[in-house]
Each structure stands twice: as C-alpha cells, then as structure tokens.
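Hi,

Here is the structure I promised to pass on.

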Amino acid sequence: FCMAGITQEIMSKIDNIVKDIFEGASPKPGKVDSKASYGESSRTTWSSIALNAFINDMISRGCANKHLPPFFLTSPREFREGLLAGLMDTDGSISISNGKKKPQLMANISSNSLRLLMETEILCRSLGIKGRITASKTPAGNDCWIYTPSNYDISQWGGKYMVHPNKLEK
C-alpha cells in the first residue's frame, strides 16, 4: 500500500490508522523522498499483502478507479465527516479568493475518477453540503473532474477532522 504526500500530519495519521488495523505487529512504513519531476514529493509504503487486499477491497487501486468504501452512506455522521476530511486533506484544495469585495473561501476536490467524485457529491449531500461536478483536463491533457462544494456550506462544515495545517488555516 503506497501513499504519496509531503504533509507530515497526514502521513502520521495514516500510519496510526495502519497500526490500528493490525493486532500485534503492524507493517512498518518505508519512505522515499524525491525532488525530481514535478517538485518535492515523498512516497510512503507499507509492505503487507493483507493491508493491500483490505485497501483494494475498500477503495480499489489506480487513480482512475478510486471510489469510496461501499458502506460510506450507511455509516455514522462522524465517519462521513472524517471521510470528507480525508478527501479534503489529500485530494482537496482550499484557498481564499479576493475577487469580490469580501474574501471568499473556495474549496474543491479533483480526481481522475468520476466515480469517486460522484460518490463524494453524495457524501457531501448526506452532510448538508451542496455542490457540483465539472469536467476538466490535467496539465498533460487527460480527463479529470472537479467537485466544487458550495462555499457557504463548506465554510459551515469548517474542516472538522482535517489535519492538513495549511488548508485548516484557510
């Protein structure tokens, strides 16, 4: 199971989750840092056949095939809020726009997986957050999609359970 990211708070949270899944000894993370290609990056890998099978069953593999766990909509609200927080921490973007008289909070989640974003829209609606999905292109010209929640609704949610420090600050 591999996770890419340079935000230590997120990587630590994932490592703690991996430890919680296993009774006794859990897989230890291995880390590879790089400054090639698109800039600073870091990949953390937990080597475990059991963990890999568990993750693949829950959310699939490969960017274009990602989806939410099959039980997401029947889960308690706290779980769904945590799931949204994880999506915002990893695939989301939060910024402040100064295009109008008053600064506005803006947020979105982008993905190569249309299924993931369609499920994300359902997840958000279950939390009272309206939004929409638009088609876009990656810098390489490949298809991708962007889910944009209502600015008001996302500000009311307030980033509950998020851990990404820069996004939380906004």
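This is a predicted model: local features need pLDDT of at least 70, side-chain atom pairs count only at pLDDT 80 or more; totals for chains, interfaces and linings use all residues.

Glu-81 and Arg-77 are joined by a salt bridge, 3.1 Å from N to O. Both residues belong to helix α3, which covers residues 77-91, and they sit four residues apart, about one turn of the helix. Glu-81 is buried, with a relative accessible area of 6%, whereas Arg-77 is partly exposed at 40%.

Glu-81 also forms a salt bridge with Lys-160, where the closest N and O atoms are 3.2 Å apart. What does this pair tie together? Glu-81 lies in helix α3 and Lys-160 in the loop between α5 (151-157) and α6 (165-169), so the contact links parts that are 79 residues apart in sequence. Lys-160 is partly exposed, at 39% relative accessible area.

Another salt bridge is between the side chains of Lys-137 and Asp-143, at 2.7 Å from N to O. Lys-137 counts as exposed, with 51% relative accessibility, and Asp-143 as partly exposed, with 43%.

Now for the nonpolar side. Ile-17, Ile-21 and Phe-54 make up a nonpolar surface patch, with about 250 Å² of accessible area together. Phe-54 is in helix α2, residues 49-59, and is partly exposed, with a relative accessible area of 37%.

Best wishes

Technical notes
Residues are numbered from 1 along each chain as its sequence is written. Side-chain values use heavy atoms; hydrogens and water are left out. Patches are made of residues with over 30% relative accessible area and no salt bridge: like charges are joined within 9 Å, nonpolar side chains (Val, Leu, Ile, Met, Phe, Trp, Tyr) within 5 Å. Accessible areas come from the Shrake-Rupley method with a 1.4 Å probe; for residues, only the protein chains shown count as cover. A salt bridge is a side-chain nitrogen of Lys or Arg within 4 Å of a carboxyl oxygen of Asp or Glu. Helices (H or I, at least four residues) and strands (E, at least two) are DSSP runs, numbered from the N terminus. Buried means under 20% relative accessible area, exposed over 50%, partly exposed in between (1.4 Å probe, protein chains only).
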